[in-house]
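The following questions and answers examine a protein structure. Please consult the sequence and the coordinates alongside the text.

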There are 2 protein chains.
Amino acid sequence: MNQRRTTMKVEIGSVTLGNGHPIAVQSMTNTETADAAGTLRQIRRLELAGCELIRVAVPDEKAAKALPEIRKGMSVPLVADIHFDHRLALMALQAGVEKVRINPGNIGARWKVKEVVQAAGDRAVPIRIGVNAGSLERRVLRAHGGHATAGALEESAAGHAAILEELGFRDIVISAKASDVPRTVETYRKLSERFDYPLHLGVSEAGTVRSGTIRSAVGLGILLEEGIGDTIRVSLAGDPVEEVRVAYEILKSLGLREHGPIVIACPTCARAQIDVARIAAEVEERIADVKGSIRVAVMGCGVNGPGEAREADIGVAGGRGETVLFRRGKVVGKVREEEMVRVLVEEVRNMEGGG
Amino acid sequence: MNQRRTTMKVEIGSVTLGNGHPIAVQSMTNTETADAAGTLRQIRRLELAGCELIRVAVPDEKAAKALPEIRKGMSVPLVADIHFDHRLALMALQAGVEKVRINPGNIGARWKVKEVVQAAGDRAVPIRIGVNAGSLERRVLRAHGGHATAGALEESAAGHAAILEELGFRDIVISAKASDVPRTVETYRKLSERFDYPLHLGVSEAGTVRSGTIRSAVGLGILLEEGIGDTIRVSLAGDPVEEVRVAYEILKSLGLREHGPIVIACPTCARAQIDVARIAAEVEERIADVKGSIRVAVMGCGVNGPGEAREADIGVAGGRGETVLFRRGKVVGKVREEEMVRVLVEEVRNMEGGG
């Protein structure tokens, strides 16, 4: 693992990004923002899943008018996602949002940009510049042969940042997403070289839950392992709660965040003595609410089983006719297959309780 | 993307690993190998999913005796996975398997190792050395403070390789897997520095389909992006066909293999004008059998939609009250939401047919 890149610190309400702070997990609602009650129901589910920053789209005045009620009903910082319209940004800031995502180059007349920057600065609310390959400025595209290359994405982000910097505003987070992994990775490497601002990572339009999960894990995994990235958003066409779960799995896989148990399980083969897939999946589901980072191993046979089970906090390893239970490296008994799920779940809950 | 590392070339029947050849996708059956008919049914499903090398565990003589029938009934190369017992390796070689996975250091007496190496050499069958953190030699563990570190994994692999090299056998593939991503990545970086042999990548005991997919995508993604790896196996406690699907998604995400269509879809937000998640998932499922690498975009609104849809081979982008259909960069019409799945599937099938 590479050292995390040093960045400036940016405060989004109670959450601090950059400068060594934990990599924050965020998501975005897909309800009608104007429907404050419905949006808050989804926000509550996101909060329970561990989402640390929640963004809502603000496409019109009706949505902006719902922001005060939404803000009041939630615990984690609220981010308003705005395109073009500076009045919506001002309304969002008045409503008390903790971050605004808006690209200053798209706001229009200088006085409009100034008003937004002034209002954000007065409230110590950061601005995220969010560039997407699908909506680059024509001017930038032309300069890059008509293609949304990594260089074009970088140039677009730099252009937006320069507008804020000229106004003395440096409370900035940057993202620049493409819909494929190689371009996303190349773009963020460039951004990380060029800027001290915290970076918001994401592969845009990653796809369905099935394929988007994999594309996000590959793209964000590569960048995070290099030490790049201060907050991540996994984009999936599906329930945003799934985005949060996937984000934590990515961070846990690299040891960058702890967030509940880790269940390892062998893929099983002709050597397996127990129904590993069923047992592992059942245990994983039944301990999903556990907060502690407890490592559970479900291993089918005696080849790698004892080694892996011994390194886990609690583990079982199948053998000829009997399965051995390991607790923190020591054999503590045998367990029958039909008891295995119950025993593992109990052991995890005991450990969670300080046992 | 980094250049792929140069390695020696190893031929496994009709599949060549290393030296610039495509990264091969492999999996392992989880049926009883002794049940040849049941194993062949699973092998057939793996072949249909695009699996290019199929491994079976050979834990005993009954399993070894089923190998000739299994070999006869399949099209892709067969790999026998053997622990300790050199007679099983000899039986597998006689049965015509195209690769044997066995760790020579675990075979025992020198004459046994020699017999296996001789039989493999006579048939031009490569040997994979497969080291796992869960089953390291005690001697190696002791030398590394009792822990299966990346250094310990490397040392174990080097020890096994030295035994083969001393016997003049260099038709070798190496893997050394740990059950967590950082250790797996560190280990393969060391192997890649040290050896010219092709590397078989995997995160061992990655876990359930839900979490193992993400751990494998992160771990293998990091290594593949660095140019490391010549064949990959995704380990999941579940249906091995899922391992093949995930492996291809990882390779496709990095542009390393083509394997059917890529569906990109926006995560949707309050701006979405169409039911992106449902449409994308339905289209993805209904074109799963398409072989061509056609890029499909399902985008909910006018912000990034037209840009992404234009870059796809076929795409839709929602707008105020109407959704625009793009074909290879050009607007070709409008499409109603209830027609969208049908139209996109038809367009993909037309393109597949050379349209």
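**Loops, strands and cores**

The loop between S2 and strand S3 (24-28) of chain A holds Asn19(A). The model discussed here is predicted.

Q: Is Asn19(A) buried, partly exposed or exposed?
A: Buried means a relative accessible area under 20%, and exposed means over 50%. The relative accessible area of Asn19(A) is 41%. Because that value falls in between, Asn19(A) is classed as partly exposed.

Q: Is Thr16(A) buried or exposed?
A: Thr16(A) belongs to strand S2 (residues 15-17) of chain A. Beyond four places in sequence, Thr16(A) touches Lys9(A), Val10(A), Glu11(A), His21(A) and Pro22(A). Its relative accessibility is 17%, and the cut-off for burial is under 20%, so Thr16(A) counts as buried.

Q: Which loop of chain A contains Arg328(A)?
A: Arg328(A) has a positive phi of about 45° although it is not a glycine. At 48% relative accessibility, Arg328(A) counts as partly exposed. Its place is the loop between strand S14 (323-327) and strand S15 (330-335).

Q: What distance separates the C-alpha atoms of Ala317(B) and Val335(B)?
A: Along the chain, Ala317(B) and Val335(B) are 18 residues apart.

Q: Which residues touch the most other members of the largest nonpolar core?
A: In soluble globular proteins, nonpolar side chains tend to be buried together. The largest nonpolar core has 168 residues. The residues that touch the most other members of this core are Ile174(A) and Ile174(B).

Q: How many residues make up the other core, which lies apart from the largest one?
A: Among the members of this other core are Val263(A), Ile274(A) and Val324(A), together with Ala237(B). The number of residues in this core is 33.

Q: Which residues does Ile174(A) touch?
A: Residues up to four places away in sequence are not counted here. Contact requires heavy atoms within 4.5 Å. The residues touched by Ile174(A) are Ile129(A), Ala157(A), Ala161(A), Tyr188(A), Leu191(A), Phe195(A), Tyr197(A), Pro198(A), Leu199(A) and His200(A).

Q: How far apart are the C-alpha centres of domain 1 and domain 2 of chain A?
A: Domain 1 covers residues 10-253 of chain A, and domain 2 covers 262-352. The C-alpha trace of chain A spans about 75 × 45 × 30 Å along its principal axes. The C-alpha centres of the two domains lie apart by 39 Å.

Q: What percentage of the residues in chain A is buried?
A: The secondary structure of chain A comprises 12 helices and 15 strands. Chain A has 355 residues, and the buried share of them is 62%.

Q: How far apart are the centres of the positive and negative side chains of chain A?
A: Chain A carries 48 positive and 47 negative side chains. The centres of these two sets are separated by 1 Å.

Technical notes
Residues numbered from 1 in each chain as written. Chains lettered and ligands numbered in written order. Predicted model: local features only at pLDDT ≥ 70, side-chain atom pairs only at ≥ 80, totals over all residues. Heavy atoms only, no water. Domains from an automatic or database assignment. Core = buried A, V, L, I, M, F, W, Y, C linked by side-chain atoms within 4.5 Å. Buried < 20%, exposed > 50% of the residue type's maximum accessible area, 1.4 Å probe, protein only. Helix = DSSP H or I, 4+ residues; strand = E, 2+ residues; numbered from the N terminus. Lys, Arg positive; Asp, Glu negative; His and termini not counted. Charge placed at Lys NZ, Arg CZ, Asp CG, Glu CD.
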